[in-house]
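Hello,

Here is the structure for you to look over. My notes follow below it.

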Amino acid sequence: MASILRPSAFKATLLFGALAGGAMALGQAPFSLWWLAVIGILSVFYLNLRVSTPLQAALLGWLVGTVYFAGSLYWIMAPFQVDAARHGWMAPFALVFLSAGLALLWGAGFGWAKWRTRSPGLALALGWAAAEMLRGYLFTGLPWGLVGYIWVDTPVAQVASLIGPYGLTFLTFLVLGGGFGLAGRQKWVALSGAALVAVIAVVFGASQLSKGPSLRLDAPIIRLVQTNAAQREKWQSGKISLFWERNLALTAQNSDHKPDLIVWPETAVPYLMEQAGRAFDVMVQASGGVPIVAGIQREDDDGFYNSMVVINGDGSIAQTYDKSHLVPFGEYIPFGTVARKLGLSGIADQLGGGYQAGSGTQILELGALGRALPLICYEAVFPRDVHVAKDRPDWILHITNDAWFGKKAGPYQHLTQARMRAIEQGLPVVRAANTGISAAIDPYGRVIDSLPLGVAGALDVALPAPNSATVFSKTGNIPLIFFFFTLILSLTVHRYRLSR
């Protein structure tokens, strides 16, 4: 290959980098072509050897990331089409700026790795994985579509129960690319080590998946209600009663076994909680006295909340959970006071003024159904929001309104992330989604049963039993954060001293 210093050669490298980023994006749901993503990752590590300066490496990483995020997050344009007259023009800008902005972190990781120079494959694996972790925290974080999620349908995904999704992402880069740039004995040692780690990961995952579904003979039955209310119709005055009656009919649906709990999706109750006393009576009348968990909005002196309410069989409120991890520019606008003066509001803001954040993680005590960790929509995206160190629940209860995500990649990727939370924690996940995909997921991330996207229906599922606490459920991300910080800092200081 001609010298990378020639502009034409560098342009070719960038072109192939863009293709590699596109291949990686196809590893994410709904395509789930993990093998194509592996080819893309290998190609990126090879291309990284062909660039000669940190700036060129940063440009390569930025371009790979921009294409990857655009290809996997293209569904982000869907929320802007709900009210196309107001927000539609923002859709392409949102995709471009989000993709290019997230890719800056990849560019920084690639540039640092090239500046490090020694062991380029190992350095890139570290810098790239650290960038992926950083985007899960920076500016409240957006860890959607982590590279490690390409393994969700394979035994390798079970490794997340040991090291979490960021650790799985790092291991992916390390195994696939750690040997690049090495020569002689070092290269063969690295390749042999990578092969051994890959085999161990597959064998470990296969052994986990060989275990049968974690079902009990006396397992409680949960009914998941899937309203299928299109977001542009959900709050139309002529449609509110239609969806309300649909939820009641699905709640009252006859079945062979009476459910022990009924779950409605996010914001399914069309009344503020303070005004919904009569509505709760109608709901439990439809349920035959079975308790109901439902998404609802509520208000107090501080403002409005996106909430989950547990309604007893007599119509009284048992518990309430307020969503604590809100969607920036969706449920609230940063610097909201200034933004409101400029006429700006969140896309998901129906009430004016946006939502307030709840007080944080809590556990719902549900009697015979055990202890549930409640998550509302976006909260299931964050491994740290699910990590409960002191108070381990028996299962995870996830309600969401994925109508915002459209009918393409978004809902499938959201389901993937719920499956990863199950693997990481060793806990079953039960999720009710307005337009789908409602599902019961066992502690190994397997979907036991589900309702397809874009249909209305009710699904009765037996609640799986939890596994023993996983390693990751005990440690969380802290060890990996410490590892990344310590190693990157020490390598940076070492490189700086050599350059003086």
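Arg223 is buried, at a relative accessible area of 2%. Please keep in mind that the model is predicted. Arg223 forms a salt bridge with Asp460, with 2.8 Å between the closest N and O atoms. The pair ties together distant parts of the chain, since Arg223 sits in strand β1 (residues 221-226) and Asp460 in strand β12 (residues 457-462), 237 residues apart. Asp460 is partly exposed, with a relative accessible area of 29%.

The structure holds ten salt bridges. Another of them links Lys239 and Glu233, at 3.3 Å from N to O. Lys239 is partly exposed at 24% relative accessibility, and Glu233 is partly exposed at 27%; buried would need a value under 20%.

Glu424 and Arg421 also meet in a salt bridge, at 2.7 Å from N to O. Both residues belong to helix α15 (residues 409-425) and are three residues apart, about one turn of the helix. An α-helix has 3.6 residues a turn, so residues three or four places apart point the same way. Are Glu424 and Arg421 buried or exposed? Glu424 counts as buried at 0% relative accessibility, and Arg421 counts as buried at 1%.

On to the nonpolar cores. The largest has 89 residues, and those with the most contacts inside it are Met24, Ile41, Trp106, Trp128, Ile222, Val263 and Trp395. Helix α7 (residues 120-135) gives the most to this core, with nine residues. Leaving aside residues up to four places away in sequence, Trp395 touches a list of residues including Ile222, Leu261, Leu366, Leu369, Pro428, Val430 and Leu463. Arg371 and Gly370 are also among the residues that Trp395 touches. Another core, of 21 residues, lies apart from the largest one, and among its members are Leu248, Met273, Phe280 and Ile292. In soluble globular proteins, nonpolar side chains tend to be buried together.

Next, helix α6 (residues 91-116). The helix has 26 residues, which at 1.5 Å a residue should span 38 Å, and its end C-alpha atoms are 38 Å apart, so the two values agree. There is a bend of about 25 degrees in α6 at Leu104. Thr117 follows α6 and has a positive phi, near 65 degrees.

Last, the strands around β4 (residues 303-311). Why can β4 be called largely enclosed by the rest of the structure? Nine of its nine residues are buried, so the rest of the structure largely encloses the strand. On one pairing, β4 runs antiparallel to strand β3 (residues 292-300), with nine bridges between them. Gln297 stands opposite Asn306 of β4, and a hairpin of two residues connects β3 to β4. β4 also pairs with strand β5 (residues 317-322), again antiparallel, through five bridges. In that pairing Val309 stands opposite Thr320 of β5. The hairpin between β4 and β5 has five residues between the strands, and Gly315 in the turn has a positive phi of about 90 degrees.

Regards

Definitions and conventions
Residues are numbered from 1 along each chain as its sequence is written. This is a predicted model: local features need pLDDT of at least 70, side-chain atom pairs count only at pLDDT 80 or more; totals for chains, interfaces and linings use all residues. Side-chain values use heavy atoms; hydrogens and water are left out. A salt bridge is a side-chain nitrogen of Lys or Arg within 4 Å of a carboxyl oxygen of Asp or Glu. Helices (H or I, at least four residues) and strands (E, at least two) are DSSP runs, numbered from the N terminus. Buried means under 20% relative accessible area, exposed over 50%, partly exposed in between (1.4 Å probe, protein chains only). A nonpolar core is a set of buried Ala, Val, Leu, Ile, Met, Phe, Trp, Tyr and Cys residues joined through side-chain atoms within 4.5 Å. Contact means heavy atoms within 4.5 Å. The expected span of a helix is 1.5 Å times one less than its number of residues. The bend at a residue is the angle between axes fitted to the seven residues ending there and the seven starting there. Two strands pair if DSSP finds at least two bridges between them.
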